Amino acid sequence: VVRGWCLGRCLMPTEAMARGVSRLSRRVGQGVFSLGRAPRTFDSAPTLSFETEFARHRVFGAPRWYSTSGATPLFSGAFCERVDVELGTSKTLATVGFETGRVARLANGAVIASLGDTVAMCAVTTARQPDPDATFFPLQVDYRERASAYGKIPSTFTRREGPPKDREVLAMRVVDRTLRPLFPKGFKNETSLQVVVLSSDRCQDPAVLAVNGASCALMISDIPWNGPAGAARVAVSDDFEIIKNPSDADCESSRFVLTYAGTADRTLMIEAAAMKHGGVPEAIVALALRTAHELAKEIIEPQLRLQAAVGRPKREMDALDEAVKKVIHAAFLCSASSRLHALYAEEIQSKSGRGKKMAELKDSVFAELSASDDVKSKITEIIAEDVNADSLDSAIRKYLKHHADGAYLHACSSVMRTRIFDTGKRIDGRGVDELRELVSVADVLPVTHGSSIFERGNTQTLATATIGSLNDVQRLDAPVGPENKRLMLHYAFPSFSIDETPRRGGLSRREIGHGALAEKALAAALPSSDAWPFAVRLNAETMESNGSSSMAAVCAGSMALMAAGVPIEDHVGAISVGLVMDEDEFGKVTRHKILADIMGLEDVLGDMDFKIAGTRTGVTAIQLDCKPAGIPIDILVEALLVASTARGLVIDSMCAAIPRARRADLGEVSESSPRFTSMAIDVSLIGKLIGTGGKTIKEIQQTTGATVSVDQPKIGPNSARAGVHMSVGKVGIFAPNKASLDLAVERVAAIVTPLAAGEVVRATVIDVKPFGWILRTAGMDEGMLHVTEYQWDTTRIETTEFLPIGETLEVKVTENGAGGTKFSKKQLAPAPEGYEPPPIRSPSFGGMRPKTPLGRGAGKSAGRGIGGGGPGSSGGLLTQERTTGGFVRNLDGTLKRPLERVGGGEKSGGDGE
């Protein structure tokens with residue numbers, strides 16, 4: 001029918017016709033088109049011919065699908081399934097919807113997922129043929145949050161989104177870790193899953209919606225996948241109540257936030273972090289897990305309905321390849337089992353030593369099986385009908401090479417599990433609850449603000465802490481979450497830590513993910529910005545890695561913070577817990593063992609990597625990765641208790657190295673080490689401290705070498721209720737050493753502390769006036785030093801000749817009030833013997849000294865300080881004629897006319913001159 005339609009309508013190249021037929025067959029499989037019969041899913045849809053339906057297919061908005069749940073799709077013409085959920089503390093109802101069939105129709109599976117006003121496009125595609133060189137499932141997840149989704153234009157130079165942000169990378173990892181365990185183990189087709197956030201209400205996390213939408217896209221596609229999976233988020237309030245589907249504001253005010261993904265009966269992925277110091281107890285975490293699991297199950301039902309309505313038949317796995325794989329796995333296990341038992345019995349402690357022997361054993365077994373006639377004959381029986389006799393040997397070698405790595409790991413895993421279940425001993429000889437040797441050392445590096453090294457077996461991390469001002473916080477730009485963060489932990493995993501040559505490329509997603517986990521574990525331990533207004537950067541350098549390097553980063557980071565003097569109350573320790581379990585043919589767990597402190601090989605060969613960080617009293621961060629199709633929640637709850645005991649031992653080792661944060665006031669920090677302090681400031685003085693255009697604070701920083709930051713109280717509707725003092729702010733001072741800090745504290749204290757009458761200060765001349773000098777103190781207070789307050793001697797002086805601009809001197813504050821600030825230099829010393837203060841002026845002048853005319857003819861005496869004419873003078877009183885100065889004056893202080901110079905000089909002109 002297809003061929004006749006194509007040839008009857010037009011002539012086209014063979015390649016183009018093949019593409020059209022392939023696309024058409026895909027649409028028929030999806031149920032988009034009908035070839036002269038009713039659509040296979042909906043009885044209510046009209047029977048249409050192929051030509052009619054093809055014409056309608058290209059009309060945007062043409063009705064085609066119908067909803068069994070009564071949901072209204074965002075895009076007209078799409079099929080939609082939905083479920084209503086309860087949101088946060090407001091307990092309002094919102095709709096989780098999945099719609100398909102209207103946009104992105106060329107993908108293997110595409111879904112528009114929505115939660116209220118948050119919308120994400122989720123599409124999955126896969127290669128037609130498996131990758132013959134793939135040793136693992138080649139799944140690529142890409143998650144992007146468009147700035148337009150929350151009404152912004154990107155601030156980049158090109159005004160478009162750049163490389164993925166850390167938050168987007170973390171969302172990719174969440175989606176990947178949820179979906180990967182549900183793919184068939186033999187599926188090696190390159191698969192791409194892309195999520196684009198199109199709209200965000202800035203309340204619900206789009207990453208949770210991305211997991212649900214990606215699961216639904218896989219469900220309706222033809223890609224083999226053992227889903228569905230559901231994701232949900234819960235929070236724990238201060239009263240330890242569980243908040244379902246919390247908003248961003250709910251998360252900010254809660255104690256603990258947990259993101260969960262799982263199937264109908266098992267857990268696939270967990271991400272959790274404490275929002276406040278101390279975390280939450282394990283019992284509350286268990287309750288949050290069970291609540292989140294029930295919420296995730298609600299999201300599974302609409303996915304199943306959508307699959308039943310429009311889902312495509314799943315591809316068949318390559319039965320031939322699967323049969324050959326079973327033969328090779330069995331052969332490797334049979335050949336390597338006894339030798340692996342013997343190798344494990346050696347209980348080798350060195351990772352490199354054990355790895356070398358295991359690699360040699362693998363090569364030996366592979367060589368034996370390549371020459372084994374029995375193995376060749378079994379493979380030949382399977383592939384003989386599909387492979388030419390001439391290429392049979394090469395096909396067998398190709399199969400052996402392709403499955404060798406997986407078969408050997410399967411053998412190693414089987415022997416390890418048998419040893420643990422039968423003897424209770426692990427590969428390195430430890431019991432299931434035993435930890436590797438712990439070593440903790442603080443203050444290992446000079447110059448750095450704080451440093452430490454933490455070792456657990458062959459896993460070793462060196463951490464350094466660097467403290468900065470609040471100006472150094474990292475600004476964030478995302479639809480949800482905080483606007484900035486004060487703690488930044490950067491995790492590095494160099495290739496030498498695992499004895500490999502360097503890889504090319506930038507920062508890996510693994511490094512970003514491990515650093516974010518360690519950062520979440522420690523962030524809650526930091527004091528609030530009100531109590532400690534500083535930012536901190538932690539560098540966690542992995543020196544050696546044999547499992548749980550991210551947990552070592554937590555431990556080393558906690559010690560580095562204390563060594564730097566960051567006032568955290570308790571150490572945050574961390575441990576990774578593993579699992580081996582056996583299941584029957586129905587998927588029921590028959591036996592299991594939980595392994596405390598797993599090393600790298602146990603992570604590869606085991607069933608889960610359950611990372612848990614916290615203090616002695618509670619959990620602060622969780623991350624779960626698993627390899628099978630989920631872990632029962634009861635096993636996870638049991639693992640929480642195992643981790644709690646192990647974490648206590650880790651914290652004991654850390655406390656032995658540094659039991660509490662260093663304190664500068666006790667002399668525990670060297671004078672050459674960086675210092676920081678804070679002090680209160682009246683908000684009315686903040687402008688004075690900063691100065692015009694930041695001039696004052698910049699000058700302080702330049703002259704002292706310190707960094708000064710000002711934290712003003714934040715005004716909000718609940719400020720008074722929260723006990724925020726609106727009239728008091730904080731000044732943070734960070735200095736590279738004690739001398740710099742002391743100088744900066746002195747300068748800032750001078751500004752924030754008002755001058756008091758009688759106080760002696762140092763001041764600098766900033767301006768010279770005829771009647772005195774304008775001085776400025778170190779505290780930026782300006783005032784007047786009058787000529788009469790310069791010295792006890794009453795001799796008249798020239799202001800420009802005594803104190804030039806820039807001169808520094810000590811003065812005494814005589815007045816500081818509404819009338820301004822006045823200084824005195826002469827009052828620094830007592831009055832000389834025989835000094836008599838000037839008598840009170842004649843009442844005829846009202847107690848006021850008459851103003852001296854400063855008009856024309858005033859001469860050099862204008863504006864001069866006026867004192868007595870010498871020892872015999874009376875200081876210019878009204879009882880005698882004044883004869884001091886440039887011109888003779890009358891008794892009332894006015895110039896005598898005609899002008900006559902003192903000492904009998906020539907007369908000047910009269911009034912008219």
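A salt bridge is taken here as a side-chain nitrogen of Lys or Arg within 4 Å of a carboxyl oxygen of Asp or Glu. The close-up views below come from a predicted model, which holds 45 salt bridges by this criterion.

**View 1. A network of salt bridges links Arg 426, Asp 428, Arg 430, Arg 436, Arg 456, Asp 597 and Glu 602.** Among the residues of this network are Arg 456 and Asp 597, whose side chains meet in a salt bridge with an N to O distance of 3.6 Å. Arg 456 belongs to strand E12 (residues 450-456), whereas Asp 597 sits in the loop between strand E19 (589-596) and helix H14 (600-605), so this pair ties together parts that are 141 residues apart in sequence. Arg 456 counts as buried, with a relative accessibility of 0%, and Asp 597 is likewise buried, its relative accessible area being 0%.

**View 2. A salt bridge joins Arg 290 to Asp 634.** The closest N and O atoms of Arg 290 and Asp 634 are 3.0 Å apart. Because Arg 290 lies in helix H7 (residues 282-310) and Asp 634 in helix H15 (residues 633-657), the pair ties together parts that are 344 residues apart in sequence. Arg 290 is partly exposed, with a relative accessible area of 38%, while Asp 634, at 53%, is exposed.

**View 3. Asp 767 and Lys 769 form a salt bridge.** In this pair the closest N and O atoms are 3.2 Å apart. Asp 767 has a relative accessible area of 27% and is partly exposed; Lys 769, with a relative accessibility of 32%, also counts as partly exposed.

**View 4. Helix H8 (residues 319-345) packs with helix H10 (residues 373-383).** Two packed helices are described by the angle between their axes and the distance between the axes. For H8 and H10 the angle is about 170 degrees and the axes are 9 Å apart; since angles over 145 degrees count as roughly antiparallel, the two helices are therefore roughly antiparallel to each other. On the H8 side the contact is made by Leu 320, Ala 323, Val 324, Val 327, Ile 328 and Ala 331, and on the H10 side by Val 375, Lys 378, Ile 379, Ile 382 and Ile 383. Taken together, the residues of the contact of H8 with H10 divide into 10 nonpolar and one charged, with no polar residue among them.

Methods. Residues numbered from 1 in each chain as written. Predicted model: local features only at pLDDT ≥ 70, side-chain atom pairs only at ≥ 80, totals over all residues. Heavy atoms only, no water. Helix = DSSP H or I, 4+ residues; strand = E, 2+ residues; numbered from the N terminus. Buried < 20%, exposed > 50% of the residue type's maximum accessible area, 1.4 Å probe, protein only. Axes fitted to C-alpha atoms, helices over the stretch in contact; angles between N-to-C directions. Parallel < 35°, antiparallel > 145°, perpendicular 65-115°, else oblique. Contact = heavy atoms within 4.5 Å. Nonpolar A, V, L, I, M, F, W, Y, C, P; charged D, E, K, R; others polar.
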